[in-house]
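Here is my note on the structure you sent. Please keep the sequence and the model open while you go through the points.

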Amino acid sequence: MKHSLYFVIVCTWFAVACSFDGSGLNTNNNNTNNTNNVNNTSNTNNTNNVNNTNNTNGVCGDDQVDAPTEACDGDNLNGFLCADLGYDSGVLACSDSCQFDTAGCTVDQCGNGVIDTGEECDGMDFGANLCHKRSEADLWIGGLVCNTDCTIDWHNCQRARWAKVTSQYFTTCALGYVSEVWCWGKNSSGQLGPSAGGVTYTATPMRVADLDNIVDLESGVSSFCALRSDDTVMCWGENIEGVLGVDASIVYSATPLVIAGLTDTVSLSVGYNHACAVDSAGTVHCWGANNYGQLGDGTLVVSATPVLVDLPVPIQFVRSNNSNSCALTTAGEVYCWGGNSIGELGIGSPSPTRSATPLTIDATGVFTDLGAGAGHFCAVKDDGTLWCWGFNNYGQLGDGTVTTSFGPVQAVDVVDAVRFGGGYLHSCYVNSGGATYCWGYNSSGDLGDGTVTNSNVPVEVLGGHTAVALTSSKWHHNCMLDVEGDIYCWGLNSTGQVGSGYFALAVSSPVPILPTREIALCSDGLDNDMDGIADCDDPDCDNLGACTSEDTVSRCSDNLDNDGDGFIDCLDPQCAGLTVCGPENTTLRCSDGIDNDLSGAVDCDDPQCLPFCNSLYEVFQGQVPTELFDISMGFISITPDGMGRYGFSHGTSAGYTEVVGAGAPSQSLNLDSEDYQEIILPFSFPFFGVTRTSLFLSSKGFITFDESDVDGSSSEQEFLLGAPRIAWYWKDWSPSQSTATDDAIVDFHNDRLVITLESVPDTQGMSNLNVQVVLHNTGQITMYYMDCGTGAGIVGITPGRTEAKNETNFIP
């Protein structure tokens with residue numbers, strides 16, 4: 001019955017005559033392979049014998065795949081997909097003849113310039129993805145890169161931030177996000193640079209052409225000077241008495257001019273009609289006017305070329321005003337030279353009326369910062385107090401009087417100053433928490449407190465910004481740089497120098513200076529306004545200054561497609577041979593934010609850059625500077641920026657933040673002198689772009705990676721040239737003399753490692769170490785100090801085996 005029923009179904013399906021043909025059946029009863037053998041000896045050709053395993057003809061349409069004639073049947077694809085047939089994606093089907101139908105399969109060709117299924121990009125086609133669409137809150141600039149697997153590389157996108165701001169009487173300039181210079185305000189003497197043309201004033205930033213790879217920037221009264229990464233100096237603006245480094249017969253120059261003879265400069269200062277440069281050895285050279293002896297070379301002879309200042313000791317930096325300069329030495333002393341008619345020398349006496357050689361100010365103690373107003377100076381002492389001297393008609397010295405002082409007087413109500421910025425008739429400072437306070441003249445909103453009322457006591461600048469630097473404008477407006485890399489300005493805005501986008505006599509509270517979105521978006525190689533025209537071909541981008549050929553190092557190192565040909569920087573054939581394009585084997589290429597070798601890794605993320613990445617540290621002698629941290633109850637937190645570099649913050653702390661012994665596990669170490677212990681980390685710890693899985697804890701006050709180091713010395717050279725290390729308070733400590741049973745406790749947590757040292761004395765028994773170091777799995781490092789003794793040493797981090805020249809001090 002089973003066999004008869006099956007044949008009925010077959011006959012019905014094919015709608016054929018149902019006379020039974022048994023010619024194909026085997027009449028041999030011993031045929032074990034033919035299950036449909038019904039013993040019809042005359043049936044020798046029954047083609048419908050579907051259960052005969054020797055039958056090679058399938059039935060197309062029964063959803064059963066009969067090999068070898070059928071590849072598929074109906075919805076039954078026998079487990080095959082487009083990918084099994086050599087395609088990348090799509091929908092496979094079966095034809096009426098039971099063969100694969102590949103019409104719905106697709107081949108995704110990465111590299112064909114078209115975004116196919118599964119691709120984020122292809123060639124220069126990024127779809128709707130753009131750097132500036134990465135965030136609505138911040139301006140992101142730069143061009144995207146399409147990887148060889150057609151995924152998007154976002155690393156060239158970066159938030160447009162500022163690195164420094166400096167201001168003069170009526171113009172302000174800032175160092176931008178790719179080492180370029182932007183200026184705004186008055187342009188009477190070419191202060192806005194060669195691309196400004198006939199612009200008289202501007203209240204929004206304009207990019208200064210012919211300046212590239214700038215690392216520092218300073219302003220005078222009507223001129224600016226910039227320090228390039230090759231340690232040379234360029235100046236532009238008004239050329240009073242040769243301050244631009246050329247003969248005074250040249251009245252001004254909008255084009256930046258190279259100052260001859262300066263090849264090793266590390267910092268700058270510009271006054272009214274003279275300028276000074278400090279080299280890596282701490283030597284100072286000045287040039288320009290010299291009628292008050294402001295060049296400091298012992299003469300009153302004007303010089304358009306730099307002359308050596310007669311200083312007996314190495315200098316950290318110089319600050320200049322109208323007719324003077326003052327210098328801060330590496331030991332924390334202050335020397336001044338130039339005019340003294342209103343007490344600018346700070347020597348405690350009106351005599352001499354001028355000095356062509358540097359004189360020490362009449363004050364004792366260690367100073368850590370120094371700033372200049374138009375006719376006065378102020379210096380921050382290591383105890384956080386502020387000491388000022390010079391002109392004081394509006395109380396700008398901060399001593400509660402309006403009496404000019406020929407020697408330093410203490411500013412009242414200032415106990416935690418870190419940075420100072422001076423104006424024409426007012427003063428400002430930043431405290432250890434980043435708050436900004438000003439006092440003095442205020443009719444133009446100079447003090448930033450929302451009023452135009454003078455004050456002889458400090459008033460807080462509005463906005464709640466955390467400042468890291470202030471300008472010394474020598475006039476009636478001020479600017480600050482905050483921890484996020486944003487600039488805020490306030491005060492007199494008659495020529496647009498505040499950069500608010502409008503002109504006003506008084507801007508009494510800080511306004512943000514935003515990088516110009518239009519210029520950024522007209523130099524990324526993209527059609528951002530979707531009008532079918534990209535960048536330099538778009539009339540909307542005319543006269544924005546960023547559209548030009550890729551024919552300079554600057555244009556080949558700014559992350560922008562300046563010529564709009566679809567290629568960024570080193571990807572552009574026009575950039576071939578320019579020094580920025582090539583292996584990451586120089587300090588410059590490892591600190592420019594550019595993937596010069598196109599490896600996909602930028603700067604310190606590139607293994608080739610490890611020998612060139614900056615160290616962040618401070619060397620102290622005799623006492624830890626209090627503006628770094630309070631060793632009795634302070635902390636310093638070092639945070640990676642995601643690109644192999646680090647920023648830092650510091651402040652006070654009532655004690656350790658981590659409970660000692662709370663780890664799982666918690667390990668007690670009894671280190672001996674000249675001892676160390678290797679510790680396996682509970683997580684992968686990123687340090688200068690390298691993932692670390694273990695560390696060496698030394699009795700000498702540091703952590704090293706890759707190798708142990710028990711050398712008792714604590715020299716700067718060893719710090720920089722030795723193993724990668726974290727120095728929390730590097731001295732010659734002796735745990736074996738500790739009174740604590742467990743002098744080192746290591747607490748393991750899933751996301752952090754905590755190391756606490758309790759009452760560990762130095763080898764001379766003069767001071768104790770009480771410190772807690774927390775290593776977070778994010779790469780953040782926090783060090784807490786309690787009741788630590790004083791002494792010489794080093795605090796900081798370094799990738800090791802680098803050059804001292806590449807250092808970044810905690811205290812500039």
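A residue counts as buried when its relative accessible area is under 20%. Trp182 has a relative accessible area of 1%, so Trp182 is buried. Keep in mind throughout that this is a predicted model.

1. **A stacked pair.** How are the rings of Tyr169 and Trp475 arranged, stacked or edge-to-face? They are stacked, with 4.5 Å from centre to centre and 25 degrees between the planes. Planes under 30 degrees apart count as stacked, which is why the angle settles the matter. Tyr169 and Trp475 lie 306 residues apart in the chain. Tyr169 is in the loop between E9 and strand E10 (171-175). Trp475 is in the loop between strand E33 (467-470) and strand E34 (477-482). Both residues are buried.

2. Ring pairs join Tyr169, Phe170, Tyr424 and Trp475. Phe170 has a charged neighbour too: the charged end of Lys186 sits over its ring, 5.0 Å from the centre. Elsewhere, Arg725 lies over the face of Phe702, at 4.6 Å from the ring centre. In total the structure has 18 aromatic pairs.

3. **Salt bridges: Lys164 and Asp216.** How many salt bridges does the structure hold? The count is six. In one of them, the side chains of Lys164 and Asp216 meet at 2.7 Å, N to O. This pair links distant parts of the chain, 52 residues apart. Lys164 is in strand E9 (residues 164-167), and Asp216 is in strand E13 (residues 214-219). Their surroundings need separate labels. Asp216 counts as buried because its relative accessibility is 12%. Lys164 counts as partly exposed because its value is 22%.

4. **Salt bridges: Arg752.** Look next at Arg752. Its side chain meets that of Glu658 in a salt bridge of 2.8 Å, N to O. Glu658 lies in the loop between strand E39 (646-652) and strand E40 (666-669), and Arg752 lies in strand E46 (residues 752-761), so the bridge ties together parts that are 94 residues apart in sequence. Glu658 is buried, with 17% relative accessible area. Arg752 also forms a salt bridge with Asp751, where the closest N and O atoms are 2.8 Å apart. Asp751 is partly exposed, at 35% relative accessibility. Shared partners matter in another place as well: salt bridges join Lys164, Asp216 and Glu218 into one network.

5. **A hairpin.** Find strand E17 (residues 265-270) and strand E18 (residues 274-279). They pair in the antiparallel sense over five bridges. Three residues separate them, and together they form a hairpin. Val270 stands opposite Ala275 in E18. E17 is mostly covered, with five of its six residues buried.

6. **Asn442.** Where is Asn442 found? Its place is the loop between strand E31 (436-440) and strand E32 (455-460). Asn442 is buried, with a relative accessible area of 0%. A polar atom of its side chain lies 3.1 Å from the backbone oxygen of Thr451. Leaving aside neighbours within four places in sequence, the contacts of Asn442 include Leu447, Gly448, Asp449 and Val452.

7. **Asp88.** Finish with Asp88, in the loop between helix H1 (2-14) and strand E1 (89-90). Is Asp88 buried or partly exposed? At 43% relative accessibility, Asp88 is partly exposed. Beyond its neighbours within four places in sequence, Asp88 is in contact with Thr106, Val107 and Asp108. Asp116 is 28 residues away along the chain, and the C-alpha atoms of Asp88 and Asp116 are separated by 10.0 Å.

Key. Residues numbered from 1 in each chain as written. Predicted model: local features only at pLDDT ≥ 70, side-chain atom pairs only at ≥ 80, totals over all residues. Heavy atoms only, no water. Buried < 20%, exposed > 50% of the residue type's maximum accessible area, 1.4 Å probe, protein only. Helix = DSSP H or I, 4+ residues; strand = E, 2+ residues; numbered from the N terminus. Pairing = 2+ DSSP bridges. Salt bridge = Lys/Arg side-chain N within 4 Å of Asp/Glu carboxyl O. Phe/Tyr/Trp six-rings, centres within 6.5 Å; stacked < 30°, edge-to-face > 60°. Lys NZ or Arg CZ within 6 Å of the ring centre and 35° of its normal. Polar contact = N/O pair within 3.5 Å; in protein donor to acceptor, adjacent residues only side chain to side chain. Contact = heavy atoms within 4.5 Å.
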